[in-house]
Amino acid sequence: MNREKPKKFHVKSFGCQMNVYDGERMAEMLGEEGMTASGKEDADLVVLNTCHIREKAAEKVYSEIGRLKKKDGSKPMIAVAGCVAQAEGAEITRRTKAVDIVVGPQAYHKLPEMVAEARSGERPVDLDLPGLDKFGALPRKRKSAPSSFLTVQEGCDKFCTYCVVPYTRGAEISRPYAKLIDEAKALVDGGAKEITLLGQNVNAWASEDDKGNRVGLDGLIRTLDRIDGLKRIRYTTSHPNDMSEGLIAAHGDVEKLMPYLHLPVQAGSDRILKAMNRSHSRTSYLRILDRVRAARPDIALSGDFIVGFPGESDSDFEETLSLVEEVRYSQAFSFKYSPRPGTPAATMQDQVPMEVMDERLQRLQALLNRHQIEFNQATVGKRCELLLERKGKLDGQWIGKSPWLQSVHVLAPEAQIGDMLDVTISEAGPNSLKGEMLMKEAA
Ligand code: 5AD
Ligand code: SF4
């Protein structure tokens with residue numbers, strides 16, 4: 001059997017920003033193969049770039065696969081990529097005939113070959129974790145958005161007991177310094193004003209510079225700071241244990257490094273942090289934040305939380321709430337614990353009942369939301385720059401990001417996507433703010 005070469009493709013990414021980056025790179029690669037991006041119903045090839053971090057992710061993927069049909073009723077070629085692919089592997093092709101290709105997050109650079117194999121009737125599965133191979137094999141040219149992602153590090157060696165990432169993304173690896181500078185320059189040449197450095201443990205990134213000296217993330221940030229045309233640098237997501245003094249200092253003296261830090265803590269009780277194998281305590285985490293705030297007093301802090309980890313008592317949970325009170329995050333992500341097959345926590349005693357998790361999540365989110373509104377309101381009256389990322393609903397309206405990663409609406413009929421605009425924040429809601437454009441002073 002020989003199927004036609006797909007002409008149109010659709011990549012759908014679920015989950016984290018690293019998946020978004022991977023999805024963009026897959027699209028660039030398929031584009032270089034002569035295919036064009038399209039909507040799901042028109043696509044001859046659909047790539048589901050999946051996430052396995054929580055909930056019944058695999059079940060969601062199977063039901064999505066079942067629904068995939070082209071407008072003419074025929075079935076597109078289907079590739080399952082990402083972390084569900086890595087975790088479920090060939091089981092996916094056994095369970096559903098509809099899937100033609102299964103490709104893990106470290107092997108997607110082979111997608112074009114795999115499409116060719118699928119055309120001749122094979123059902124290729126590639127779950128290699130070869131690390132950095134894929135980056136070398138991807139197109140050098142980048143399509144940049146005003147705010148672009150750059151994966152600098154992948155994988156995780158921390159083995160938090162609830163987490164699948166060390167199994168699906170493999171061991172911690174850092175992409176080489178010189179390659180990253182090249183890719184960053186290519187992004188800026190293509191129009192990027194802001195680059196967000198990505199990694200599961202981005203602050204564990206380490207490499208050697210051109211003289212063979214060891215550089216950490218702070219060194220990389222300081223080099224990127226010197227790229228003309230690049231206006232903003234961000235990084236996500238970080239582990240408290242890899243928050244080096246150098247990186248904290250960079251928050252104080254690198255102007256392009258935005259005042260925002262996502263530093264997950266997961267829980268406020270030392271007993272639970274230990275059971276999670278987080279390898280930091282409540283106090284050591286809070287002391288890091290003190291130092292970061294000393295370096296950059298206006299920094300917006302963000303975090304991740306899990307409620308209902310096995311064995312979490314009411315008083316453990318109260319400690320999470322009190323930590324949140326102490327930190328006052330500008331924004332945070334919180335989840336109910338979800339047992340992941342193959343992780344140590346999944347078989348721990350004292351799994352917490354769903355009703356208890358529901359109630360704890362509601363209380364935690366109510367508190368986090370209150371702090372988020374307070375943070376937003378405290379920026380009213382401040383002057384700042386916005387990076388305009390997309391059009392708003394109204395005529396002449398734009399949505400841009402503040403330095404603190406808030407979405408701000410502004411009327412600026414003359415502006416264009418990618419502009420940096422001076423505004424004063426005039427109103428603040430829980431999820432978005434309004435800004436007034438500042439008139440440029442006459443020259
Ligand atoms: N259950 C619930 N939340 C999880 N996370 C990771 N694994 C799990 C799990 N098994 C959350 C953590 C992490 C974020 C990306 O997802 O808070 O920081
Ligand atoms: Fe998962 Fe922990 Fe690694 Fe984060 S640090 S990816 S939560 S194992």
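Helices (H or I, at least four residues) and strands (E, at least two) are DSSP runs, numbered from the N terminus. This is a predicted model, in which local features need pLDDT of at least 70 and side-chain atom pairs count only at pLDDT 80 or more, while totals for chains, interfaces and linings use all residues. Residues are numbered from 1 along each chain as its sequence is written, chains are lettered from A and ligands numbered from 1 in the order in which they are written, and side-chain values use heavy atoms, with hydrogens and water left out.

Select ligand 1 to begin. Strands β15 (300–307) and β16 (331–336) each supply at least two residues of the shell around ligand 1. Display next the surrounding residues (a heavy atom within 4 Å): Ile53, Arg54, Tyr162, Gln266, Asp304, Ile306, Phe335, Lys336, Tyr337, Ser338 and Arg340. Five of the shell residues are nonpolar, two polar and four charged, where Ala, Val, Leu, Ile, Met, Phe, Trp, Tyr, Cys and Pro count as nonpolar, Asp, Glu, Lys and Arg as charged, and the others, Gly among them, as polar.

Now show the side chain of Arg54, which has an N or O atom 2.6 Å from an oxygen atom of ligand 1. For Gln266, a side-chain N or O atom is likewise 2.6 Å from an oxygen atom of the ligand.

Notes
Polar contact = N/O pair within 3.5 Å; in protein donor to acceptor, adjacent residues only side chain to side chain.
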